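Reader: Hi! I have a protein model open and I'm new to this. Could you walk me through it?

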Amino acid sequence: MSLPKTQKVVLIEKTGGPEVLQYRTDYPVPTPKEGQLLVKNHLSGINFIDTYFRSGLYPSPKPEVLGREAVGTIVAVGPGPNPYNFQVGDRVAWLGTGSYSEYTAVPAAKTVKIPNGIEDEKVLASLLSGLTVLTLAKETYPVKKGEWVLLHAAAGGAGYLMTQVLKQIGAKVIGTAGGPEKVALVKSLGADVVIDYRSEEGKDWVKKVKEVTGGQGVDVVYDSVAKDTWEGSLEVVKRKGTIVWFGNASGPVPPLNLAILSPKCVKVARPMLFGYIQTREEFEFYTNELFNLLKSGQLKVRIHKIYPLAEAAQAQSDLEARKTTGKLLLRP
């Protein structure tokens with residue numbers, strides 16, 4: 001297969017706001033090394049974590065092509081062993097770095113073949129977020145039927161999927177969202193209570209959560225907002241409850257005095273997806289579970305918009321302004 005020498009990418013040379021994203025048409029197409037595959041990306045995912053690397057919240061070497069996930073077709077296999085039997089032409093999904101591009105050299109160990117019957121859009125609308133959600137609900141805090149769960153940003157890319165997974169388990173879900181449209185969306189997924197934090201009543205969401213739970217609080221809080229919600233999350237979690245902090249949409253959690261956890265014997269977890277899918281067996285277990293949920297229709301996805309690659313800066317701006325519901329994608 002004849003491959004081009006250069007490609008279109010979006011990269012950054014320094015940290016900052018969305019304006020530091022550069023659309024380039026002359027970036028070299030990489031050659032896959034041992035343990036790698038060269039994938040022609042059909043769609044690339046946009047995630048909040050991309051903004052953390054862009055802003056410098058998460059340090060990383062620059063210049064850097066952003067993006068942590070994509071779906072596409074294998075166009076070359078690196079030299080050496082091929083333990084997972086990947087072939088040129090395979091349709092695959094992958095996790096790694098550098099997906100804001102037409103071609104990426106990706107780790108074979110974090111690449112998986114996509115089963116027939118699942119569209120690219122559905123896979124990528126749920127890949128990174130879906131694997132995160134499944135590991136959070138099954139490993140970080142194994143949610144049980146009948147437990148009260150508070151889920152912040154329930155209309156976001158992860159929240160939309162998390163609400164469905166929690167309801168399938170049988171949990172009682174309290175979701176927070178911003179604005180009537182997002183509230184209606186989360187209610188349509190089966191959430192028991194949805195709080196509009198932009199409304200007058202919702203501004204005191206801590207009081208509302210306590211009322212709903214009869215003053216007991218929730219068994220677990222899943223908090224991807226962080227700075228703006230952290231103190232309230234500590235207040236509404238019940239005695240012997242758990243707070244799972246897994247994102248920084250409003251900024252990182254301030255320094256934590258561990259002594260404040262003592263009165264209620266609260267547990268705090270700060271997980272990262274790749275810690276749960278480090279081995280090939282773990283990666284395949286959770287991707288297979290995700291694909292089965294998609295094929296069966298038990299997990300519905302919502303795509304906010306598919307942006308052209310050249311509009312990556314606009315996409316990140318929309319995401320950070322909380323103008324979006326569901327998943328944002330790029331088409332290289």
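This is a predicted model: local features need pLDDT of at least 70, side-chain atom pairs count only at pLDDT 80 or more; totals for chains, interfaces and linings use all residues.

Author: Happy to! Let's start with a term: two strands pair if DSSP finds at least two bridges between them. Helices (H or I, at least four residues) and strands (E, at least two) are DSSP runs, numbered from the N terminus. Here, strand β1 (residues 6-12) pairs with β4 in the antiparallel sense, over 2 bridges.

Reader: Which residue in β4 is the bridge partner of Leu11?

Author: That is Val65.

Reader: And what's the order of the strands in that open sheet?

Author: The order is β2-β1-β4, with antiparallel pairing. β2 (22-28) and β4 (64-65) are at the edges with a single partner strand each, so one side of each has no neighbour in the sheet.

Reader: Where is Pro63?

Author: Pro63 lies in the loop between α1 (48-55) and β4. A cis peptide bond joins Lys62 to Pro63, with omega about 0°.

Reader: New topic: how is the chain divided into domains?

Author: Domain 1 covers 6-127 + 276-330 and domain 2 covers 141-270; the bounds come from an automatic or database domain assignment. Taken over C-alpha atoms, their centres are 28 Å apart. Contact (heavy atoms within 4.5 Å) takes 17 residues from domain 1 and 21 residues from domain 2.

Reader: How many salt bridges are there between domain 1 and domain 2?

Author: The count is 0, where a salt bridge needs a side-chain nitrogen of Lys or Arg within 4 Å of a carboxyl oxygen of Asp or Glu.

Reader: One last thing: what is the phi of Lys240?

Author: Phi is near 65°, a positive value in a residue other than glycine. Lys240 sits in strand β13 (residues 237-245).

Key
Residues are numbered from 1 along each chain as its sequence is written. Side-chain values use heavy atoms; hydrogens and water are left out.
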